[in-house]
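Below are my notes on the model, as numbered points.

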Amino acid sequence: MRIAVTGSIATDHLMTFPGRFADQLVADQLHTVSLSFLVDQLEVRRGGVGANIAFGMGQLGTSPVLVGAVGSDFAEYRAWLDRHGVDTQSVHISETRHTARFVCTTDADHNQIGSFYAGAMSEARFIELNTVAERVGAIDLVSIGADDPEAMLRHTEECRTRGIPFAADFSQQIARMDGDEIRILLEGATYLFSNEYEKGLIESKTGLSDAEILAKVGHRVTTLGSRGVRVERLGEPVIEVGCPEEEAKVEPTGVGDAFRAGFLSGLVWGVSLERAAQVGCMLATLVIETVGTQEYTLQRGHFLERFAKAYGDEAAAEVRVHLG
């Protein structure tokens with residue numbers, strides 16, 4: 001099974017504020033907020049939704065095809081992804097814009113305030129998935145992650161037109177989308193990914209109930225933070241998977257992307273949805289224990305040992321067969 005991962009490719013500038021954002025907010029002055037937080041740490045890391053997911057899949061040996069747009073400053077980042085098992089040959093290089101950039105500050109309670117510069121990402125709309133499919137032979141699933149909104153719409157429409165299964169994953173872009181756009185992007189999706197808050201926002205903006213949305217997609221995958229993940233299918237029992245025990249909670253950026261990487265890798269392997277969700281939760285746990293979205297190291301023995309502790313020896317034995 002070959003999966004193409006579309007989405008943003010960016011560099012992350014991650015800062016840590018030692019206090020609490022909530023302590024700096026005055027309830028009756030929220031309409032005129034003007035704040036500057038003195039941070040005590042700065043990490044410059046590789047990131048972007050598409051690249052993070054593709055990196056995680058590469059770590060698991062499932063050879064994803066990354067689809068997105070970057071600037072001419074991408075050479076070093078490309079080499080990094082190539083070394084970690086990602087096919088980057090379908091990444092579009094802009095002649096005029098820089099690679100996208102995410103700037104984020106995290107407080108002592110792990111709350112986050114971030115800003116995102118799109119840059120070259122706006123040119124992702126010019127990429128045709130059919131060209132990508134012709135290059136690699138075939139695409140069995142397209143993961144449509146947060147990207148240039150026009151690119152997300154075009155990729156979704158092309159998947160429907162060409163009969164390519166796709167996963168809808170709005171994440172950061174859901175805040176700027178209206179109900180009609182969200183309806184278009186989720187209609188006919190094989191998988192719909194969101195966290196619990198985004199799930200409510202999707203329903204609120206579209207006016208669709210949980211049941212109505214589930215009827216429009218094959219599977220609804222909702223991450224629940226520290227409580228794990230819920231996978232729903234129309235007319236089928238709900239699958240709920242918990243998270244492995246964390247060795248430390250260091251930094252939450254990229255945890256959702258890591259879950260998707262693990263879940264999609266499980267689909268490539270052909271394991272059950274429950275097992276795929278477990279792989280996703282295990283990979284997400286590695287990320288929350290690390291600063292940065294692509295700085296974790298997947299050591300096969302350590303991964304399987306922790307996986308067995310969380311989900312049992314039988315589950316670990318099934319994953320061991322596939323994990324390179």
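1. Two strands count as paired if DSSP finds at least two bridges between them. Helices (H or I, at least four residues) and strands (E, at least two) are DSSP runs, numbered from the N terminus. This is a predicted model, in which local features need pLDDT of at least 70 and side-chain atom pairs count only at pLDDT 80 or more, while totals for chains, interfaces and linings use all residues. Residues are numbered from 1 along each chain as its sequence is written, and side-chain values use heavy atoms, with hydrogens and water left out.

2. Eight strands form an open sheet in the order 4-1-9-10-11-12-13-14, and the pairing is mixed. The edges are strand 4 (65-67) and strand 14 (239-241); each has a single partner strand, so one side of each lacks a neighbour in the sheet. On average, neighbouring strands here are turned by 20 degrees against each other, direction ignored.

3. At the strand 14 end, strand 13 (residues 229-232) runs antiparallel to strand 14, joined by three bridges. Val-231 is opposite Ile-239 of strand 14. Helix 9 (residues 273-288) packs on the sheet and touches strand 11, strand 12, strand 13 and strand 14; contact means heavy atoms within 4.5 Å. The direction of helix 9 makes about 25 degrees with that of strand 14. Axes are lines fitted to C-alpha atoms, for helices over the stretch in contact, with angles from 0 to 180 degrees between N-to-C directions.

4. How is strand 11 placed in the fold? Four of its five residues are buried, so strand 11 is largely enclosed by the rest of the structure. Buried means under 20% relative accessible area, exposed over 50%, and partly exposed in between (1.4 Å probe, protein chains only). The chain reaches strand 11 from strand 10 through helix 5, a right-handed β-α-β crossover. Right-handed means that, with the strands pointing away from the viewer, the path from the first strand over the helix to the second runs clockwise. Strand 10 and strand 11 are parallel, with two bridges, and Ala-167 has Tyr-191 of strand 11 as its bridge partner. Strand 12 (residues 219-223) is also parallel to strand 11, over five bridges; there Ser-194 is partnered by Thr-222.

5. Helix 5 (residues 179-186) has Gly-179, Ile-182, Leu-185 and Leu-186 buried. Seen down the helix axis, these fall within an arc of 125 degrees (taken over directions from the axis to the C-beta atoms), so they line one face of the helix. They pack against partners including helix 4 (149-162), strand 10 (166-168) and strand 11 (191-195). At the N-terminal end, Asp-178 is the cap, with a side-chain oxygen 3.1 Å from the backbone nitrogen of Asp-180. Just after helix 5, Gly-188 has a positive phi of about 80 degrees.

6. Thr-106 belongs to strand 7 (residues 100-106) and is buried at 5% relative accessible area. Its side chain makes a polar contact of 3.3 Å with that of Glu-251. A polar contact is a pair of N or O atoms within 3.5 Å; within protein, one must be able to donate a hydrogen and the other to accept it, and residues adjacent in sequence count only if both atoms are side-chain atoms. Beyond four places in sequence, Thr-106 also has contacts including Met-15, Phe-17 and Pro-252.

7. Val-271 lies in the loop between helix 8 (255-269) and helix 9, and is buried at 11% relative accessibility. Its C-alpha atom is 8.2 Å from that of Val-319, 48 residues away along the chain.
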